[in-house]
Amino acid sequence: MMNDPVNLHAALASFDQIYSPRIVARMNDYDVRVAHTLGEHVWHVHEDTDEFFLVLDGEFDIALRENGAERTVVLHAGDVFVVPRGTEHKPSSPGGAILMFEPTGTATTGDRYEGELPAHIDSTTGHDLTR
């Protein structure tokens, strides 16, 4: 896909849509994606894959439903967190940017999601980065 280095700051500066990830690299059968975050996502689940998050800027919260209870993990720039496969989760953010590492073809809204899809959420398997 890309034979040159990708600067993550430049990649993020190339688009402004929120929750609309861009694929910055591919490794084996995985995409490395970056996205701007702001507001709430939807409750969703990835049945067959974990989801890796690295916060690049700002704050990123992930509400989780586990064992009949809810908890929220609060992440700041430099923090990483993995949502285990099959775990319902709902990201939200007062503003920031994230890097995700997940299998190619993984939808941003999971295998199923709860409620209506707000206009600010792009249900996609990632967009190629245009330079």
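The model is predicted: local features need pLDDT of at least 70, side-chain atom pairs count only at pLDDT 80 or more, and totals for chains, interfaces and linings use all residues. Residues are numbered from 1 along each chain as its sequence is written, and side-chain values use heavy atoms, with hydrogens and water left out. A search of the whole structure finds 12 salt bridges. The count of aromatic pairs comes to two.

**Terms**

- A salt bridge is a side-chain nitrogen of Lys or Arg within 4 Å of a carboxyl oxygen of Asp or Glu.
- Helices (H or I, at least four residues) and strands (E, at least two) are DSSP runs, numbered from the N terminus.
- Buried means under 20% relative accessible area, exposed means over 50%, and partly exposed lies in between (1.4 Å probe, protein chains only).

**Salt bridges**

- E102 and R33 join through their side chains in a salt bridge, at 2.8 Å from N to O. E102 lies in strand β7 (residues 88-103) and R33 in strand β2 (residues 30-40), so this pair ties together parts 69 residues apart in sequence. Both E102 and R33 are buried.
- D50 and R85 form another salt bridge, at 3.5 Å from N to O. This pair links distant parts of the chain, 35 residues apart: D50 is in the loop between β3 (44-45) and β4 (51-66), and R85 is in the loop between β6 (80-83) and β7. D50 is partly exposed at 32% relative accessibility. R85 is partly exposed too, at 49%.
- E88 bridges to R65, with the closest N and O atoms 3.5 Å apart. E88 belongs to strand β7 and R65 to strand β4, so the pair ties together parts 23 residues apart in sequence. E88 is partly exposed at 22% relative accessibility, and R65 is partly exposed at 25%.
- Salt bridges that share partners join E47, R65, E70, E88, R112 and E114 into one network.

**Aromatic rings**

- Rings of Phe, Tyr and Trp (its six-membered ring) pair if their centres lie within 6.5 Å; planes under 30 degrees apart count as stacked, over 60 as edge-to-face and the rest as tilted.
- The structure has two aromatic pairs by this rule. In one, the ring centres of Y30 and F101 are 5.0 Å apart and the planes are at 10°, so the pair is stacked. Y30 lies in strand β2 and F101 in strand β7, so the pair ties together parts 71 residues apart in sequence. Y30 is partly exposed, with a relative accessible area of 33%. F101 is partly exposed at 26%.
- F53 and F60 form a tilted pair, 5.2 Å centre to centre with 45° between the planes. F53 is buried at 2% relative accessibility, and F60 is buried at 1%.

**Charges over rings**

- A charge sits over a ring if NZ of Lys or CZ of Arg is within 6 Å of the ring centre and within 35 degrees of the ring normal.
- R22 lies over the face of F15, 4.2 Å from the ring centre.
- The charged end of R65 sits over the ring of W43, 3.8 Å from its centre.

**Around S93**

- S93 is in strand β7. Its relative accessibility is 6%, which counts as buried.
- The side chain of S93 makes a polar contact with the side chain of T37 at 3.0 Å. A polar contact is a pair of N or O atoms within 3.5 Å; within protein, one must be able to donate a hydrogen and the other to accept it, and residues adjacent in sequence count only if both atoms are side-chain atoms.
- A polar atom of the S93 side chain lies 2.9 Å from the backbone nitrogen of G95.
- Leaving aside neighbours within four places in sequence, S93 is in contact (heavy atoms within 4.5 Å) with Y19, T37, L38, G39, E59 and F60.

**Positive phi**

- Y19 is a residue other than glycine with a positive phi, near 45°. Y19 is found in the loop between α1 (8-13) and β1 (22-27), and is buried at 5% relative accessible area.
- N67 is not a glycine either, and has a positive phi of about 50°. N67 is in the loop between β4 and β5 (69-76), and is exposed at 85% relative accessible area.
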